[in-house]
Amino acid sequence: TITTPASGNPTYMLNQAIVSNYSCSDGGSGVATCAGTVPNGNNLNTSSVGTQNFTVNATDKVGNASNLSAGFSVSYNICALYDQTKAVESNATIPVRFYLCDANQTDVSSSSIAVNLIGIQQISTSTSGVIVTYPAATPDANFRYSSDLGPSGGYIMNVSTMGYAAGTYQVTFTVANDPIPHSLLFQVTQ
């Protein structure tokens with residue numbers, strides 16, 4: 001039985017401490033061996049982004065063997081570098097800025113890690129009512145890396161809100177090797 005990682009292909013953050021939990025049982029001769037990808041009670045390997053497979057192999061005392069596997073994903077954490085709860089006026093440009101971080105908020109951004117826009121969609125017609133102003137900037141078609149952002153680098157995409165109706169918008173994007181799409185929010189007011 002594998003309890004952790006849980007069934008259903010859970011997602012954990014990069015460098016998140018997740019303790020493995022599994023057991024083996026046998027109704028006949030008894031369990032001879034019970035070994036997982038890591039020893040029971042040790043942390044799963046969450047040191048790299050991507051999909052992982054955790055396997056437990058068991059044998060009983062007469063040599064019968066069995067195994068069970070559970071998949072899980074490791075994903076980046078996204079640390080926003082702007083206030084997602086404040087709005088910009090329509091026809092402004094908002095800098096959607098963030099850095100890639102791990103479970104401990106450590107900056108792991110790099111110019112070699114590509115971040116690509118999937119799309120922008122309105123998810124609500126309401127806003128907080130608090131307006132913030134950003135300096136004028138040239139809109140971008142995608143995210144770009146900047147060593148000037150975050151603790152040691154980050155990503156930015158200047159989004160023009162020209163023609164956007166009032167409301168809350170979700171920016172969805174992918175990060176290289178990360179199996180999970182990510183999103184950030186911004187708000188537009190009239």
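Which residue stands opposite Met13 in β6? Select Met13 and look across: Ser75 is the residue facing Met13 there.

Before going on, a word about the model. It is predicted, with local features needing pLDDT of at least 70 and side-chain atom pairs counting only at pLDDT 80 or more, while totals for chains, interfaces and linings use all residues. Residues are numbered from 1 along each chain as its sequence is written, and side-chain values use heavy atoms, with hydrogens and water left out.

**Stop 1: around β6**

Select residues 11-13 and 65-75 to show strands β2 and β6, which run parallel and are joined by three bridges. Strands here are DSSP runs (E, at least two residues), numbered from the N terminus, and two of them pair if DSSP finds at least two bridges between them.

Click on Thr51 to find its bridge partner in β6, Ser73.

**Stop 2: an open sheet**

Next, display the four strands of an open sheet, ordered β7-β9-β12-β11 with antiparallel pairing. Its edge strands, β7 (77-80) and β11 (144-146), each pair on one side only.

Zoom in on β9 (residues 93-101) and β12 (residues 154-160), where six bridges join the antiparallel strands. Thr93 has Ser160 of β12 opposite.

**Stop 3: aromatic rings**

Show the Phe, Tyr and Trp side chains: the structure holds ten aromatic pairs. Rings (for Trp, the six-membered one) pair if their centres lie within 6.5 Å; planes under 30 degrees apart count as stacked, over 60 as edge-to-face and the rest as tilted.

Start with Tyr164 and Tyr169, a tilted pair at 4.8 Å centre to centre and 50 degrees between the planes. Move on to Tyr169 and Phe186: the ring centres are 5.4 Å apart and the planes lie at 15 degrees, so this pair is stacked. It links distant parts of the chain, as Tyr169 sits in β13 (residues 167-175) and Phe186 in β14 (residues 182-189), 17 residues apart.

Are these two residues buried or exposed? Tyr169 is buried at 6% relative accessible area, and Phe186 is buried at 0%. Buried means under 20%, exposed over 50% and partly exposed in between, using a 1.4 Å probe and protein chains only.

Finish by selecting Phe98, Phe143, Tyr145, Tyr155 and Phe173, which form one aromatic cluster.
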